[in-house]
Amino acid sequence: MTRAAHTPTSPEKQMLSEQVYAHLRHAIMRGEYAPGDALKPQDLAKQNGVSLAVVREALVRLVGEGLAERLTNRGFAVPAFSDHRWQQIGEARRAIEPVLLRMSIERGDVDWEGDVRAAHHRLARTPPFTPEDGEYYSEAWAEAHRVFHRTLLEGCGNPVLLETFDRMWVASELARRWSTHRNPDRDGIDEHRRLEEAALARDPDTAADLLTRHLTLTTAALAAQES
């Protein structure tokens, strides 16, 4: 008598999908896949010992975060590192984030101010590069950097807008991880310090201008890696 193949239950499938998603996300962000590399569901299912349905569910989540692309032939791939793509991401961030920062400065309370101070302190005390990470930004700095920028905007009090920021951040962070060249002419520490000062001084015009310039320089640096 032939035994039927084991079909994961919904909770089990969800757990397996979460594991595959986390593994792939980490691998992509660490540069284990090059820009444009194919993400073949069949191969990934075999490597992880899971079903195609589990892998596809994980890949769809990555597409939603901007860490994978669905190809016309229904396959998947890591996003290509194109100048046009990062220019679009940069344009979107410059259009949205300064507006959120203005809203945060207008609506943020004392707790928000304390959170901004704490996030900046952590960022300023975290080295961007460590020997074990080589030319890549360290995991600790990347997380401190994300928390600082998000905290600046959290005073807006709008979770829908913050979700938009989260998605754009992940997409631009992928480009940053691929960009291993250090820029000695850019003083990121001073840029972040001035952002903190303007936000806590409740100066929306200066803060928005500083953030726009900060994002413009980032976009230019990322796009330059493609040329």
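Entry 1, the pocket. I sorted the lining of the second largest pocket by class and got 4 nonpolar, 1 polar and 6 charged residues. For classes, I count Ala, Val, Leu, Ile, Met, Phe, Trp, Tyr, Cys and Pro as nonpolar, Asp, Glu, Lys and Arg as charged, and the others, Gly among them, as polar. The lining residues are R25, H26, M29, E139, A142, E143, R146, W169, V170, E173 and R177. A pocket here is an open set of points on a 1 Å grid over the protein atoms alone, where a 1.4 Å probe fits, with protein on both sides within 12 Å along at least five of seven lines; lining residues have an atom within 4 Å of a point. I noted about 220 Å³ of space in the second largest pocket, a volume being the space filled by probe spheres set on the points, which are joined across faces, edges and corners. α1 (10-29), α6 (139-154) and α7 (159-178) each give this lining at least two residues.

The model is predicted, and local features need pLDDT of at least 70, side-chain atom pairs pLDDT 80 or more, while totals for chains, interfaces and linings use all residues. Residues are numbered from 1 along each chain as its sequence is written, and side-chain values use heavy atoms, leaving out hydrogens and water.

I found 9 helices and 2 strands, taken as DSSP runs (helices H or I, at least four residues; strands E, at least two) numbered from the N terminus. Their order from the N terminus is α-α-α-β-β-α-α-α-α-α-α. Of 227 residues, 41% count as buried, meaning under 20% relative accessible area with a 1.4 Å probe, protein chains only.

Which residues touch the most other members of the largest nonpolar core? They are L101, I105, F148, L152, L153 and L195, out of 26 residues. Such a core is a set of buried Ala, Val, Leu, Ile, Met, Phe, Trp, Tyr and Cys residues joined through side-chain atoms within 4.5 Å. α6 gives the most to this core, with 5 residues. I then checked L195: leaving out residues up to four places away in sequence, its contacts (heavy atoms within 4.5 Å) include L101, F148, H149 and L152.

α6 has 16 residues, and its buried ones include W141, A142, F148 and L152. In α1, L24, I28 and M29 are among the buried residues. Just after α1, G31 takes a positive phi of about 80 degrees.

Conventions. Buried < 20%, exposed > 50% of the residue type's maximum accessible area, 1.4 Å probe, protein only. Expected span 1.5 Å × (residues − 1).
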